[in-house]
Every structure is written in structure tokens, then in C-alpha cells.
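Dear colleague,

Please find below the structure that I am handing over to you.

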Amino acid sequence: MASRIADSMLLVVGPHQRSIPSHRAGLRCSPGMLCLKMESILGKEIKRQCSVSTKRSKIVQAVAIPVAPPPLDSAEYRKQLAKNYGFQQIGEPLPENVTFKDVIDTLPKKVFEIDDVKAWKSVLISATSYALGLIMISKAPWYLLPLAWAWTGTAITGVRHDCAHKSFSRNKLLEDIVGTLAFLPLIYPYEPWRFKHDRHHAKTNMLSEDTAWHPVLREEFDSSPILRKAIIFGYGPIRPLMSIAHWLIWHFDLNKFRPNEVKRVKISLACVFAFMAIGWPLIIYKTGVMGWIKFWLMPWLGYHFWMSTFTMVHHTAPHIPFKSSDEWNAAQAQLNGTVHCDYPRWIEILCHDINVHIPHHISPRIPSYNLRAAHQSLQENWGKYLNEARWNWRLMKTIMTICHVYNKEQNYVAFDKLAPEESQPIDFLRKVMPDYA
């Protein structure tokens with residue numbers, strides 16, 4: 001499916017590489033895409049070249065070359081691409097003359113309004129669903145514990161997101177207190193997360209500056225065999241838990257913050273370490289080490305599964321480019337480079353509609369309970385440019401087996417194209433992951 005597109009990007013020619021230029025001047029397209037209708041032509045060309053080479057005494061060297069991508073503004077092409085990648089819709093490229101302000105100005109003002117009743121309703125949903133999860137863990141037989149952990153790990157995502165974006169309350173001190181308390185069970189420092197997450201929103205899909213997620217750089221991949229193996233596992237089988245590495249690397253090092261941020265960072269770190277020093281021993285004292293694993297560790301892993309999965313799905317696809325700062329365009333990155341994904345409704349309720357992600361990136365100041373109204377407005381005004389999906393296995397398989405190493409022309413190159421002998425984890429994923437869409 002999606003891998004066939006990447007595979008068909010190779011053409012057997014002579015010992016030298018040559019580009020096949022696009023004759024559609026003036027049309028913009030996402031690099032690295034190959035029109036599906038070309039597959040049969042390329043296949044015939046490969047067979048013909050192989051046949052000719054066997055008749056010659058001289059060995060003809062086969063090399064891989066990038067093929068110039070077809071325009072992404074072809075509706076039929078985008079429809080076929082969406083089917084192969086597990087999307088419902090792949091948006092056409094946003095025109096260069098559309099500015100970020102143009103997009104924001106189309107949103108109704110009411111979607112930015114804070115409603116205290118709705119905000120505290122969100123707190124109630126998070127608190128009660130988390131408490132229910134802990135009760136389920138305490139009562140469930142061992143064979144139902146995974147379901148209880150999944151529920152609790154999902155419930156703990158909570159209202160912290162609105163607090164960090166200053167869209168929870170007009171009382172900013174109250175907002176910071178609620179955000180800090182919501183983060184404590186996760187031993188996640190609130191202010192460090194807020195600072196780094198704001199940078200992710202300001203630099204979404206910017207190659208080096210985005211602090212949430214970005215492709216592996218080729219120089220990193222080639223730097224050492226040990227690091228290469230770690231990267232292949234990290235961006236392959238354990239990618240749905242890589243949020244743990246992000247949590248550890250980005251949020252506890254004071255050197256990663258501006259001088260005016262350090263004081264608030266230290267307060268958050270003190271709160272987290274206090275919870276670990278008091279909360280963990282109390283859990284172990286009351287329930288033992290196995291209780292600590294049951295009641296804290298497993299829901300914590302469930303939370304990081306969702307953090308990793310949401311980040312992957314919302315910003316990663318073979319047709320969505322990461323760009324260097326000199327080529328980056330805010331409107332294209334936030335509107336055209338962010339993905340809306342529907343999940344089972346219970347997940348959307350517990351996670352406060354964070355999956356309605358495009359308006360959240362147009363303006364993080366939109367409260368979670370207004371995201372659906374904002375998305376409806378975007379559909380009405382910019383619908384043909386939106387990338388939309390419903391969570392499915394083909395979508396995840398595409399991301400986890402193709403979207404690996406950054407390439408300016410193709411967006412991504414899969415690990416097994418660069419280091420096939422070390423990419424057994426990716427081969428394993430291709431074999432075992434379902435292809436249902």
C-alpha cells in the first residue's frame with residue numbers, strides 16, 4: 001500500500017543519476033510523491049533495462065534516483081494517495097499568497113471565548129474518569145487490568161493542555177495551579193512543558209526548531225552504528241512510547257531554558273520532585289512495589305502512548321514536509337501540514353478533543369470545548385486544504401514504516417532504504433502490522 005509508493009520511486013538506468021523534470025511549471029507539489037499511474041510504466045522500464053543489460057558483456061550498474069513528483073493538486077491523485085496512506089482526505093497545497101492572518105481572520109470570535117462552566121466541567125470529567133480508572137484497577141481481575149490501565153492512562157491526559165495554553169481561565173494564577181496539579185501524577189513539570197510546547201506551536205514542522213517531533217537527520221543516522229540501531233528501534237517498534245524520551249530530555253535540563261524562564265521551571269521541578277518523594281513512597285507503603293506498578297507505572301505508560309501517538313498522527317505523513325527555517329511558511333505548516341484525526345468517541349471525550357488538532361494549531365488560545373466549532377469554520381472556509389483521517393492501522397503502519405529520515409526532495413526515506421541489513425525491526429513491523437483502513 002503506502003510502501004508501494006516509496007518502493008516505486010526507484011528507476012533502473014545506467015551508471016549515472018538523472019532527474020526527470022516536471023513539465024508542469026508553476027504548480028506546487030509536495031516533494032517525494034510519485035503518481036500511482038506511473039507504476040506500470042516504471043515496471044516495464046525496469047524489465048526492459050534488465051533485459052538489455054543481460055545481453056551486454058558490460059555490467060550495467062542499477063542505481064536509485066528520485067523521480068520528479070506529480071502535482072498534488074490533482075484531485076484523483078490525492079484521492080488515491082489518501083487511500084494508500086490511510087487518510088480520508090489529503091488537502092491540496094495552500095497557495096503561497098495565503099497568510100496565517102488570513103486563516104485566523106476567518107474564525108468566529110466566539111471560539112476564543114473562555115467559559116468557566118465548560119472549563120470546570122472538563123476538570124470534573126478528567127478527575128472522575130481518572131478516579132474511576134483507579135477503582136477499576138483495584139477491582140479488576142488480572143486479565144482485565146490492561147483495559148483498566150488503558151482507560152486510566154487516557155483519562156489522565158486531562159485539562160493541563162488548556163492551562164498551559166492560557167485558555168482555561170481568566171485567572172492566570174488559578175490556571176497555573178490547576179495545570180501544575182494536573183501534571184503531578186505524571187511527574188511532568190508544568191512550566192517546562194508549557195515553554196517547550198509553545199515553541200512547538202510557534203515552529204510546527206520546522207526541521208530543527210520544532211521541539212515536539214521531527215524526522216531523523218541523515219547525519220545523525222550515519223553518525224555511529226550504535227546510535228543508528230537505537231534510532232531504528234526508537235522510530236520503529238517503540239515509537240508509540242518515544243514521548244518518554246522527549247519527557248526526559250527536554251524538561252529537566254535548566255540549560256534548555258531562557259534565563260527569564262528558569263525561576264518558573266525550578267518551581268515546577270520542585271513540585272515534581274516533591275510528588276516523587278512523598279507520593280511514590282506512600283503508594284509503595286500502602287500497596288507494595290507491585291501496587292506502584294499497577295496504580296502508577298502502567299497508567300503512566302498509557303499516557304505516554306497517547307502523547308506519542310497524537311504527536312505522530314497530527315504532524316507526520318509521507319506527503320507532509322518538514323522545512324528549514326528559511327523555507328518555512330506558518331499558514332502551510334499549521335493549516336496544510338497538521339492532521340485532523342477522528343478516534344473512538346470515548347477517547348475524544350477523555351482527551352478533550354485534542355484530536356481536533358488543526359484549529360488548535362491555528363490558535364492554541366482556542367479552548368478545547370470550542371475546537372469542534374472552530375474546525376467546522378475551517379472546513380467551510382478552507383476545507384479543500386485540510387488533511388483529515390480516521391484512526392486506522394494503515395495510517396499507523398505508513399507512519400511507522402516509511403516516515404523516518406529527512407530528505408528534502410522526498411520528505412522521508414525509510415530506514416530499510418538506507419540500511420537494509422540493520423532494519424529488521426522495520427521489516428518486522430511491515431509483516432505484523434495490519435493494513436486495515
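Which residues form one aromatic cluster? The cluster is made up of Trp-247, Phe-252, Phe-273, Trp-280, Trp-292, Trp-296 and Trp-300. Please bear in mind throughout that this is a predicted model.

**The chain as a whole**

The chain contains 20 helices and four strands. Of its 437 residues, 50% are buried. Among contacts with a separation of 6 or more, 75% are between residues 24 or more positions apart. The accessible surface amounts to about 21200 Å², and carbon and sulfur atoms account for 62% of that surface.

**Aromatic pairs and charges over rings**

A search of the whole structure gives 23 aromatic pairs. One of them joins Phe-305 and Trp-306: the ring centres are 5.0 Å apart and the planes stand at 70°, so this pair is edge-to-face. Phe-305 is partly exposed, at 31% relative accessibility, whereas Trp-306 is buried, at 11%.

Phe-310 and Tyr-343 form another pair, with ring centres 5.3 Å apart and planes at 90°; this pair is therefore edge-to-face. Phe-310 belongs to helix H13 (residues 259-315), while Tyr-343 is in the loop between strand S1 (339-342) and helix H15 (345-350), so the pair ties together parts that are 33 residues apart in sequence. Both partners are buried: Phe-310 has a relative accessibility of 8%, and Tyr-343 has a relative accessible area of 6%.

Two lysines are also placed over aromatic rings. The charged end of Lys-196 sits over the ring of Phe-257, at 4.7 Å from the ring centre. The charged end of Lys-256 sits over the ring of Trp-250, at 5.0 Å from the ring centre.

**Helix H12**

Which residues of helix H12 are buried? In this helix (residues 243-251), they are Ser-243, His-246, Trp-247 and His-251. These residues cover an arc of only 100° around the axis, which means that they are on the same side of H12. Leu-248 and Ile-249, on the other side of H12, are exposed. The buried residues of H12 pack against helix H9 (190-202) and H13.

In soluble globular proteins, nonpolar side chains tend to be buried together. The largest nonpolar core here has 35 residues, and Phe-87, Phe-221 and Phe-415 touch the most other members. The elements giving two or more residues to this core are helix H3 (75-85), helix H11 (225-234), H13, S1, helix H18 (393-402) and helix H20 (424-432). Leaving aside neighbours within four places in sequence, Phe-87 is in contact with Ala-82, Ala-317, His-319, Val-339, Asn-387, Glu-388, Ala-389 and Leu-395. There is also a second, separate core of 21 residues, which includes Ile-156, Val-159, Phe-183 and Trp-292.

**Two individual residues**

His-200 is found in helix H9 and is buried, at 4% relative accessibility. Not counting residues up to four places away in sequence, His-200 touches Asp-210, Thr-211, Ala-212, His-315 and His-361.

Asp-102 lies in helix H4 (residues 100-105) and is partly exposed, with a relative accessible area of 34%. Leaving aside neighbours within four places in sequence, Asp-102 is in contact with Asn-97 and Trp-382. Asp-102 and Ala-331 are 229 residues apart in sequence, yet their C-alpha atoms are 8.6 Å apart in space.

**Backbone angles**

Most residues other than glycine have a negative phi. Where are the residues with a positive phi that are described here? Ile-187 has a phi near 45°, a positive value in a residue other than glycine. Ile-187 is placed in the loop between helix H8 (172-183) and H9 and is buried, at 3% relative accessibility. Asp-353 is not a glycine either, and has a positive phi of about 60°. The position of Asp-353 is in the loop between H15 and helix H16 (357-362), and Asp-353 counts as buried, at 11% relative accessibility.

With kind regards

Notes:
Residues are numbered from 1 along each chain as its sequence is written. This is a predicted model: local features need pLDDT of at least 70, side-chain atom pairs count only at pLDDT 80 or more; totals for chains, interfaces and linings use all residues. Side-chain values use heavy atoms; hydrogens and water are left out. Rings of Phe, Tyr and Trp (its six-membered ring) pair if their centres lie within 6.5 Å; planes under 30 degrees apart count as stacked, over 60 as edge-to-face and the rest as tilted. Buried means under 20% relative accessible area, exposed over 50%, partly exposed in between (1.4 Å probe, protein chains only). A charge sits over a ring if NZ of Lys or CZ of Arg is within 6 Å of the ring centre and within 35 degrees of the ring normal. Contact means heavy atoms within 4.5 Å. Accessible areas come from the Shrake-Rupley method with a 1.4 Å probe; for residues, only the protein chains shown count as cover. The arc is that of the directions from the helix axis to the C-beta atoms. A nonpolar core is a set of buried Ala, Val, Leu, Ile, Met, Phe, Trp, Tyr and Cys residues joined through side-chain atoms within 4.5 Å.
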